[in-house]
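Biologist: I would like to learn how to read a model like this one, feature by feature. Can we go through it together?

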Amino acid sequence: MRDLLTVATGLLVGVASGILGVGGGILLVPAMTLGFGISQHVAQGTSLAAIIPTSVVGAVTHDRRGNVLRRAALFMAIGATAGAVLGAVVALHLPREVLARAFGVLLLFAASRLWPRKSETVSP
Amino acid sequence: MGGGFALVPLQVLFARVDQHHANGTSLAAIIPGALVGALVYYFGSARPQVDLRFAALLVLGSMVGAYLGARLMTRIPDRPLRMAFAVTMVLVGLKELVAP
C-alpha cells in the first residue's frame with residue numbers, strides 16, 4: 001500500500017514537473033517528510049535522485065516539441081551547478097529556517113512580478 | 001532542490017523568454033545540478049542519505065507523469081501557464097514562510 005502511494009506521489013509530482021518545468025524537489029521533500037515520515041536529510045537526497053530521470057523525460061519531451069533553448073539550458077546548467085555547490089556551503093553556516101523564510105519571501109515577490117499584466121503581450 | 005523555481009522566473013522576468021520555453025529549458029538545465037547534489041548526498045556522509053528503493057518507486061510514477069505533463073503543457077496557452085506557475089510559487093512561498 002505504501003509502495004503504491006509512493007508511485008502515485010511520483011506520478012502527481014511528475015505531472016506538475018512536466019507542466020511547470022521544475023524538478024519537483026520542492027514538492028517531493030514536504031511530501032516525503034510530512035506524508036511518509038522520512039527525515040529531512042534523506043528526503044532531500046532522495047528527491048534529488050528522483051529528479052534526475054524525471055527531468056530527463058520531461059526535458060526530452062519538451063525538446064521534441066521545440067520548447068528547450070539548448071544554448072541557454074547549457075549555460076544555466078553550468079551556473080546552477082556552481083550555484084548549488086556555493087549554496088551548500090552557505091547552507092552549512094546558516095540555520096535552515098532563516099534560509100527557508102528568505103526563499104519564501106523571494107518566491108512571493110517573484111510571483112507578484114510574474115503574474116501577467118492586462119496590457120502585456122508575451123512574445124513567442 | 002534542483003532549482004527550477006529560480007530558473008523559470010529568472011528567464012521570464014529578466015530574459016523575456018516566454019513561459020513555454022522557460023519551463024522546457026529549466027527542466028533541461030536542472031539535470032546536472034540534481035546529479036551532483038544526489039552524488040553528494042549519497043557519498044558525502046558516512047551513511048548514504050538517499051533512499052534508493054523509495055527513489056525508484058517515485059521515479060516509476062514521476063517519469064510517466066513528466067511525460068504526460070510535458071505533453072499537456074504545449075496545449076496550455078502562455079497566460080494561464082504563467083498564472084499556474086505564479087500560484088504554485090505563492091503556495092510554496094507561503095509554506096516556506098509558515099513552516100520552514
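Predicted model: local features only at pLDDT ≥ 70, side-chain atom pairs only at ≥ 80, totals over all residues.

Biologist: How many helices and strands does chain A have?

Modeller: Count the elements, then read their order. Chain A has 5 helices and 0 strands. Along the sequence the pattern is α-α-α-α-α.

Biologist: And how many helices and strands does chain B have?

Modeller: Chain B has 4 helices and 0 strands. From the N terminus on, its elements run α-α-α-α.

Biologist: Into which domains is chain A divided?

Modeller: Domain 1 covers 1-68 and domain 2 covers 69-116. Next, take the distance between centres. The C-alpha centres of these two domains of chain A lie 18 Å apart.

Biologist: How do I read burial for a whole chain?

Modeller: Count the C-beta atoms around each residue. A residue with 20 or more others within 10 Å is buried. Of the 124 residues in chain A, 43% are buried. Of the 100 residues in chain B, buried residues make up 55%.

Biologist: What share of contacts joins residues at least 24 apart in sequence?

Modeller: Begin with contacts between residues at least 6 apart in sequence. In chain A, 31% of these join residues at least 24 apart. In chain B, the share is 48%.

Biologist: How do I read the packing of two helices?

Modeller: Take the distance between the axes, then the angle, then the handedness. The axes of helix 1 (residues 4-14) and helix 2 (residues 19-43) of chain B come within 9 Å and cross at roughly 140°. These two helices of chain B are therefore oblique to each other. Their crossing is right-handed.

Biologist: Which residues make that contact?

Modeller: Helix 1 of chain B brings B:Gly4, B:Leu7, B:Val8, B:Gln11 and B:Val12. From helix 2 of chain B come residues including B:Gln19, B:Ala22, B:Leu27 and B:Ile30. By class, the contact has 7 nonpolar, 6 polar and no charged residues.

Biologist: How many residues does each chain give to the contact between chains A and B?

Modeller: Chain B gives 74 residues and chain A gives 73. On the chain B side, helix 1, helix 2, helix 3 and helix 4 (78-98) each give two or more residues. Helix 2 of chain B gives the most, with 21 residues. By class, the side of chain B that touches chain A has 46 nonpolar, 19 polar and 9 charged residues.

Biologist: What should I look for in backbone angles?

Modeller: Most residues other than glycine have a negative phi. B:Arg16 has a positive phi, near 55°. This residue lies in the loop between helix 1 and helix 2 of chain B.

Biologist: Is B:Arg16 buried or exposed?

Modeller: B:Arg16 counts as exposed, because it has 10 C-beta neighbours inside 10 Å. The cut-off for exposed is 12 or fewer.

Biologist: Where does A:Ile78 lie, and how far is its C-alpha atom from that of A:Val29?

Modeller: A:Ile78 lies in helix 4 (residues 70-93) of chain A. With 13 other C-beta atoms within 10 Å, A:Ile78 is partly exposed. A:Ile78 and A:Val29 are 49 residues apart along the chain. Their C-alpha atoms are separated by 24 Å.

Notes. Residues numbered from 1 in each chain as written. Chains lettered and ligands numbered in written order. Domains from an automatic or database assignment. Axes fitted to C-alpha atoms, helices over the stretch in contact; angles between N-to-C directions. Parallel < 35°, antiparallel > 145°, perpendicular 65-115°, else oblique. Left-handed = near helix turned anticlockwise from the far one by under 90°. Contact = placed C-beta atoms within 7 Å. Nonpolar A, V, L, I, M, F, W, Y, C, P; charged D, E, K, R; others polar.
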